[in-house]
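Please look over the sequence and the model shown below before reading on. The briefing that follows moves from the overall fold to the residues packed inside.

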Amino acid sequence: MKNQPHYLGHRKRLKEKLRKDPALLEDYEILELLLGYALPRKDTKPLAKELLHQFDTLKGILLARQSQFEQVPGIGQGITTFWLLWREFWSRLEQSEFKPKSVVDSPEKVARLARTRLSFLEVEEFWMVLVDTKNRLLSFEKICSGTVDQAPVFPREVIARALELKASGLILLHNHPGGDPRPSPQDLHLTRKLQKIARDLGLRVLDHIIIARDSYFSFQEEGNM
């Protein structure tokens with residue numbers, strides 16, 4: 001016991017503090033304990049403080065871009081894997097209120113659903129929400145991934161998937177990694193093209209929402225649908 005690393009006793013005290021009253025823990029202590037599960041044989045306090053210094057808050061750490069996260073001294077494969085798992089858990093927790101047949105009734109609600117998937121990405125991804133005649137959720141799924149400034153969307157794939165699931169309406173979603181949620185000319189062209197194809201097949205394009213890190217743009221809210 002005399003040769004036991006000092007941080008093991010410290011970690012034990014933190015766990016006791018957690019069990020007594022979780023609210024008593026500082027943010028870095030919460031992070032320190034979490035990191036301890038990925039690095040059980042290392043003192044995680046310095047890394048916890050460095051991460052908070054780099055990204056300001058626990059949410060900032062969670063939403064960091066992977067390239068930025070991996071540049072922090074002390075971050076290795078074990079921590080990156082743990083961080084990805086932690087973020088996936090958070091995404092699914094946020095999505096849990098959007099169960100099949102739950103009503104999709106506002107752009108803000110859809111943006112909140114999509115933000116956990118799209119706001120931290122370094123490349124564009126194109127997703128869609130499919131709903132039935134009463135705007136109840138049928139599916140939320142990715143269509144394609146692309147580059148920093150575009151995702152190669154094929155309208156026939158979008159429409160084919162909607163028809164396959166017997167959807168009545170669809171909401172288009174993609175992210176802008178650069179941070180500006182305003183639509184590009186290509187975004188406007190794609191939206192109009194999909195609207196026309198969908199209309200001819202009896203489908204409704206309800207909205208196109210563009211997700212940025214801290215904001216979103218809704219074609220419906222802006223009067224463009």
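**Overall fold and interior**

In this predicted model, the order of elements along the sequence is α-α-α-α-α-α-α-β-β-α-β-α-β-β. In total, the protein contains nine helices and five strands, and its C-alpha trace extends over about 75 × 35 × 30 Å along the principal axes.

**Surface and charge**

- The accessible surface of the protein amounts to about 12700 Å², and 53% of that area belongs to carbon and sulfur atoms.
- Of the 225 residues in the protein, 44% count as buried.
- The side chains include 35 positive and 30 negative ones, and the centres of these two sets are 6 Å apart.

**Contacts along the chain**

- When contacts between residues at least 6 apart in sequence are considered, 62% of them join residues that are at least 24 apart.

**Nonpolar cores**

- In soluble globular proteins, nonpolar side chains tend to be buried together.
- The largest nonpolar core here consists of 21 residues, and those with the most contacts inside it are Val104, Val110, Val129, Leu173 and Ile209.
- At least two residues of this core come from each of helix H7 (107-118) and strands S1 (125-131), S2 (137-145), S3 (169-175) and S4 (204-211), while H7 gives the most, with five residues.
- Beyond its neighbours within four places in sequence, Leu173 is in contact with several residues, including Val110, Ala114, Trp127, Val129, Phe140 and Ile209.
- A second, separate core has 17 residues, among them Leu130, Val158, Leu170 and Val205.

Technical notes:
Residues are numbered from 1 along each chain as its sequence is written. This is a predicted model: local features need pLDDT of at least 70, side-chain atom pairs count only at pLDDT 80 or more; totals for chains, interfaces and linings use all residues. Side-chain values use heavy atoms; hydrogens and water are left out. Helices (H or I, at least four residues) and strands (E, at least two) are DSSP runs, numbered from the N terminus. Buried means under 20% relative accessible area, exposed over 50%, partly exposed in between (1.4 Å probe, protein chains only). Contact means heavy atoms within 4.5 Å. Accessible areas come from the Shrake-Rupley method with a 1.4 Å probe; for residues, only the protein chains shown count as cover. Lys and Arg count as positive and Asp and Glu as negative; His and the chain ends are not counted. The place of a charge is taken as NZ of Lys, CZ of Arg, CG of Asp or CD of Glu. A nonpolar core is a set of buried Ala, Val, Leu, Ile, Met, Phe, Trp, Tyr and Cys residues joined through side-chain atoms within 4.5 Å.
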